[in-house]
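Subject: Structure for you to look through

Dear colleague,

I am handing over the structure that we spoke about, and my notes on it follow below. Please keep it open while you read.

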Amino acid sequence: EKGLVDPATGAFKDEPNFSHLLTEAFLDLHKETKAAYLRKRAEAYGEFCWNRLRDPADGGHWTRRPGEDRKTLMSNGSVARTYWLLANHNS
């Protein structure tokens with residue numbers, strides 16, 4: 001986990017295009033092992049998306065990761081999938 005997570009933000013180090021897959025993997029592992037840290041990590045990434053990737057200048061639509069100069073449909077879809085995964089995960 002340490003190599004995958006930015007300790008300053010609690011988010012996955014990868015772009016949203018890949019991070020939604022990490023979210024899925026962590027939630028799948030949680031479903032099998034019930035290890036609380038796995039769900040907490042996935043939820044922390046969801047919170048990072050909500051708090052840091054929304055752009056209030058255009059009504060809060062996702063996403064422009066810090067350092068990116070433009071938004072992409074793939075990044076927006078990836079963040080949306082992250083929330084779908086979190087909403088549909090059974091504890």
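**Thr23 and its contacts**

Leaving aside neighbours within four places in sequence, Thr23 is in contact (heavy atoms within 4.5 Å) with Phe12, Ala42, Tyr45, Thr82 and Leu85. Thr23 lies in helix H1, where helices (H or I, at least four residues) and strands (E, at least two) are DSSP runs numbered from the N terminus. With a relative accessible area of 0%, Thr23 is buried; buried means under 20% relative accessible area, exposed means over 50%, and partly exposed lies in between, with a 1.4 Å probe and protein chains only.

Before going further, please note that this is a predicted model, in which local features need pLDDT of at least 70 and side-chain atom pairs count only at pLDDT 80 or more, while totals for chains, interfaces and linings use all residues. Residues are numbered from 1 along each chain as its sequence is written, and side-chain values use heavy atoms, with hydrogens and water left out.

**The chain as a whole**

The protein chain has three helices and two strands, and from the N terminus on these elements run α-α-β-β-α. Of its 91 residues, 36% count as buried. Among contacts between residues at least 6 apart in sequence, 49% join residues at least 24 apart.

**The nonpolar core**

In soluble globular proteins, nonpolar side chains tend to be buried together. A nonpolar core is taken here as a set of buried Ala, Val, Leu, Ile, Met, Phe, Trp, Tyr and Cys residues joined through side-chain atoms within 4.5 Å. Which members of the largest nonpolar core touch the most other members? Of its 15 residues, they are Phe12, Tyr45 and Leu53. Helices H1, H2 (36–53) and H3 (73–88) each supply at least two residues of this core, and H2 gives the most to it, with six residues.

**How the helices pack**

Two packed helices are described by the angle between their axes and the distance between the axes. The axes are lines fitted to C-alpha atoms, for helices over the stretch in contact, and the angles run from 0 to 180 degrees between N-to-C directions. Angles under 35 degrees count as roughly parallel, over 145 as roughly antiparallel, 65 to 115 as roughly perpendicular, and the rest as oblique.

The axes of H1 and H2 come within 7 Å and cross at roughly 150°, and the two helices are therefore roughly antiparallel to each other. In this contact, Pro16, Ser19, Thr23, Phe26, Leu27, Leu29, His30 and Thr33 of H1 meet Ala36, Leu38, Arg39, Arg41, Ala42, Tyr45 and Leu53 of H2. By class, the contact of H1 with H2 has nine nonpolar, four polar and two charged residues, where Ala, Val, Leu, Ile, Met, Phe, Trp, Tyr, Cys and Pro count as nonpolar, Asp, Glu, Lys and Arg as charged, and the others, Gly among them, as polar.

For H1 and H3, the axes come within 8 Å and cross at roughly 15°, so these helices are roughly parallel to each other. Here Pro16, Asn17, His20, Leu21, Thr23, Glu24 and Leu27 in H1 meet Met74, Ser75, Ser78, Val79, Arg81, Thr82, Leu85 and Leu86 in H3. The residues of this contact divide into seven nonpolar, six polar and two charged.

The axes of H2 and H3, finally, come within 10 Å and cross at roughly 140°, and H2 and H3 are therefore oblique to each other. The contact is made by residues including Arg39, Tyr45, Trp50 and Leu53 of H2, together with Val79, Thr82, Tyr83 and Leu86 of H3. Eight nonpolar, two polar and three charged residues take part in the contact of H2 with H3.

**Residues toward the end of H1**

Asp28 is also in helix H1 and, at 42% relative accessibility, counts as partly exposed. Asp28 and Leu38 are ten residues apart in sequence and 8.9 Å apart in space, C-alpha to C-alpha. Lys31 is placed in H1 (residues 16–33) and is partly exposed, with a relative accessible area of 42%. Between Lys31 and Asn90 there are 7.5 Å in space, C-alpha to C-alpha, although they are 59 residues apart in sequence. Lys34, in turn, is found in the loop between H1 and H2, and has a positive phi of about 65° although it is not a glycine.

With best wishes
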